[in-house]
Amino acid sequence: MGLLVTLEGGPGSGTAEQALLLRQSLDGEGVPADFVQPGGEDAWLVPDGQRAPEWPPASRVAPFLFAVTHLADTWHHLAAPGVAAGSIVILDRYRTTLLAHARARKLDAEWAAATVAVLRPADVAIYLRSDPVRQLDRLLRAGQALRGWQVGIDVGAARGTGFAGAFRAYQSTVSRQFDALAGPGRLLVLDGDGDPAVLQRQIHDAVITALEAVG
Amino acid sequence: MRPPVRRGSGRLIAFEGMDGSGKSTQSRLLFRWLQAQGAAVAQTAWNSSPLVAPAIHRGKSTRSLVPLTFSLVHACDFADRFERIILPHLEAGHTVVADRYVFTGMARDAARGVDPAWLRQLYDFAPLPHLTFYCAIEPEVAVQRLLSGRPRIKYYEAGLDVDPQAVDRRRAFVRFQGRIADEYGRMAKEFGFVTLDATRPLAEQQRDVREAVADVLGGLDASALVASGRGTEEQ
């Protein structure tokens, strides 16, 4: 059996970049690894050429369940075969990121956690903690437009602050929820704003340790 | 599950039963009768959210839904309708007639092997209906009804996703819907369903429905309409 490794964090925290680096380093060592982005082109929930549903502002439960469905489908079709075949499958954001956003959106935390518990847990879950100011900077430098859900526009975070201010305010709330979800044995917390090479070594070592533990 | 919604004094009436049990007909008749009575009433049907429909269609047409994703995407469909239609109407004091409610998800998904306890917590965001009618029918009768109106049983309603070796779709339907009926039977006791014998004439069933609804809503005269036969329709 392989391993399911998830990199968790807010937008612009570097999860995708670190996931790619991890796959490259594992490949270089002859360790089979796959990188899966749940929001990628293989997702059947969002038909080709279309975007995810534009949920009405009052929607809370439906968008959350759509995301849970999406992750369940990603696990079943894209990740599980690789894990079963003995690969290390790296997911760019999974259960913890979803739960952090759910809590920031004031969903019943106990209900959300019990619902998400149906998803196969990660063998190694790593949270890249990042300053929302740095997150925003990375997104803008990458030329990415801010999306409504990233700034919490649907929960009123954008009122009177502009998109950038709303992003910082909302992602600060999300960050606090990540911290609340972290704990011994649940989530490895690393400094997403530190030296990327050092961060990559820490991630790599955590994965290798877990791999050795399962034999 | 949570108790019925208190705010606004709206009333929630649900119809449940396997495919071909006639619940859509009964719920439609009730909806029209309530409209004719001047009641503020809304209706909603399972699997009808325009926002989630593309995902469900895609999943079914490609047969890529597995029991868990089948369960979750239909819960998502329900949640969207609950947040946009059912809850606002209830909070406004209206009556909502639901052609299938959360029990459909619970019964179908449990029949597919999803954990019933997890399913109950999944739908815990929704309140219990004030009345739930369960249209009880044998799967053999239901399949005859369905095939009298269309050429074949659909892949997922026959449970072929969890019975891939099945050769005969009709027999697979009977097996799968039988498991769903077992789940409904358990929930009928757990949640206090009003069971209707779905093989009785439509008008008789509708009379029982209206009498029960009139008790819950108050201020409605079910007896006059039923006695004269007005307000009912043929299936």
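Two residues are in contact, or touch, if their C-beta atoms, placed from the backbone, lie within 7 Å. By that rule, B:A98 touches B:L12, B:I13, B:A14, B:F15, B:T44 and B:I86, leaving aside residues up to four places away in sequence.

What you see is a predicted model, in which local features need pLDDT of at least 70 and side-chain atom pairs count only at pLDDT 80 or more, while totals for chains, interfaces and linings use all residues. Residues are numbered from 1 along each chain as its sequence is written, and chains are lettered from A and ligands numbered from 1 in the order in which they are written.

Now the core. A nonpolar core is a set of buried Ala, Val, Leu, Ile, Met, Phe, Trp, Tyr and Cys residues joined through C-beta atoms within 7 Å; buried means that 20 or more other C-beta atoms lie within 10 Å of a residue's own. The largest such core has 117 residues, and B:A98 is among those that touch the most other members, along with A:V5, A:L65, A:V68, A:I90 and B:C76. Helix α3(B) gives the largest share of this core, 12 residues. Helices here are DSSP runs of H or I, at least four residues, numbered from the N terminus.

Next, the interface. On chain B, 24 residues are in contact with 24 residues of chain A. Two or more residues each come from α2 (53–61), α3 (67–91) and α5 (116–122) of chain B. Again α3(B) gives the largest share, 10 residues.

Last, α1(B), residues 23–36. Among its buried residues are B:L29, B:L30, B:W33 and B:L34. Just after this helix, B:G38 takes a positive phi of about 85°.

Note on methods: A residue is buried if 20 or more other C-beta atoms lie within 10 Å of its own, exposed if 12 or fewer, and partly exposed in between; C-beta atoms are placed from the backbone.
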